[in-house]
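Trainee: Could you show me how to read backbone angles in a model? I'd like the general idea and then the case here.

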Amino acid sequence: MHGLIIVVVILVAIIPCLKIVPQATEFVIERLGKYQKTWSAGLHFLIPVIDRVAKRVTLKEQVIDSPPQPVITKDNVTMQIDTVVYFKVFDAKFFTYGAVNPLSALSNLTATTLRNIVGELELDDTLTSRDTINGKMTEILDSATDQWGIRVNRVELKNIMPPAEIQNAMEKQMKAERDRRETLLEAEGHKAAVITRAEGDKQALILAAEGERDARIARAEGEAKAILLAKQAEADGLAALKAAGVDAAVLELKKYEALVSMSNGKASKIIVPTDAVDMTKANVMFSETAGLGDVTQPAKDAAPAKKTDPCCD
C-alpha cells in the first residue's frame, strides 16, 4: 500500500516535468536563469525548479499587416501607404534574446525603411515602382533582422493612396490620355482603310490591265494561227496539185477562176496581173479558133420587101 502511494507521488511529480514540443515549434530552455538549450519537436524532460521554458517559438511563416502610414515623396506629396511583411523565425535563441519585442521592432523598422525608400522617389515613380520598392525593402529588412533570428521572405505594398486633389488630377490626366489614344486609334484605322482601299484599286487596275493584255495576246495568237492554217491549207493544195502532175494549162485555168472570183467583189477597181491578162487573151484566142463557147446566134435572112399593089393604093 505504501509502495503504491510512493509510485503515485513520483508520477505526480514527474508528469508535469514531461514536455511535448509540437511540430514547427521550438522551446527555449533556461537553467537557473541562463540559456541551456533549444528543444525541437518531440518529448522532453524538464528538471523541476532548475529548468524552465523561457519561450515558445513557432517556426511557421507569419504576417505583419501594418496600418496605413503617411509617407512624403521627393516632390513633397504626402501619401498613405500600408505594407504586408511575410517572415519566419529561423533561430529561436536569437528571436528570444535578440530584441525585447521582435515583432514590434520589425513593424517599426518596416515603417522607417518605407519612408526612406519612398522619400527618394517622386510621385509618378512611387506609383509605378511597386516591384522595385518591394525588392529593396525585402533586402534591407532581411539583412537587419538576422540578429533577431528572423528571415523576411517578402514585402508587399498593399495600398498607395495619394491626396484627393492628386487623385482628381490623375483621373483627368488618364481621361486625356484615353481620349488621345482613342483619337490616335481612329486616325490609324482611317489611314489603314485608305491604304487598303488604294491597294484594292491598284490591284484592280493591275488585274484589268493584265486581263486586257492576255486578251490581246490571245486574239493575236488566234489571228496568227488562222493565217498559219490558211497558208498551210494553200501550201497543201499546191502540193496536192503538184503531186497530181497538173500541167500548165490547168494552172492557167485556176488563175482564170481566181480572176473571175475577184470580179465578183464590191471593189470598184481590180488590178489584174500581166500573166492573168495574157492567160485571158490566150483563152479567148483558143476559144475563137476552136469555136468553143461561141453562143452568138447567126443573123436571120432579111424578109423580102412587100410589093405595093397599085390597085389598092
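Trainee: Where is the place of Val 49?

Mentor: Val 49 sits in the loop between strand S4 (42-45) and strand S5 (51-58). Strands here are DSSP runs of E with at least two residues, and helices are runs of H or I with at least four residues, both numbered from the N terminus. Before going on: this is a predicted model, where local features need pLDDT of at least 70, side-chain atom pairs count only at pLDDT 80 or more, and totals for chains, interfaces and linings use all residues. Residues are numbered from 1 along each chain as its sequence is written, and side-chain values use heavy atoms, with hydrogens and water left out.

Trainee: What is phi of Val 49 near?

Mentor: The general idea goes like this: most residues other than glycine have a negative phi. Val 49 has a positive one, near 70 degrees.

Trainee: Is Val 49 buried or exposed?

Mentor: Buried means under 20% relative accessible area, exposed over 50%, and partly exposed in between (1.4 Å probe, protein chains only). Val 49 is exposed, at 84%.

Trainee: Which loop holds Ala 24?

Mentor: Ala 24 is in the loop between strand S1 (18-21) and strand S2 (25-31). Ala 24 isn't a glycine, yet its phi is positive, about 60 degrees. Ala 24 is partly exposed, with a relative accessible area of 23%.

Trainee: How many helices and strands does the protein have?

Mentor: Eight helices and nine strands. As for burial, 20% of the protein's 313 residues count as buried.
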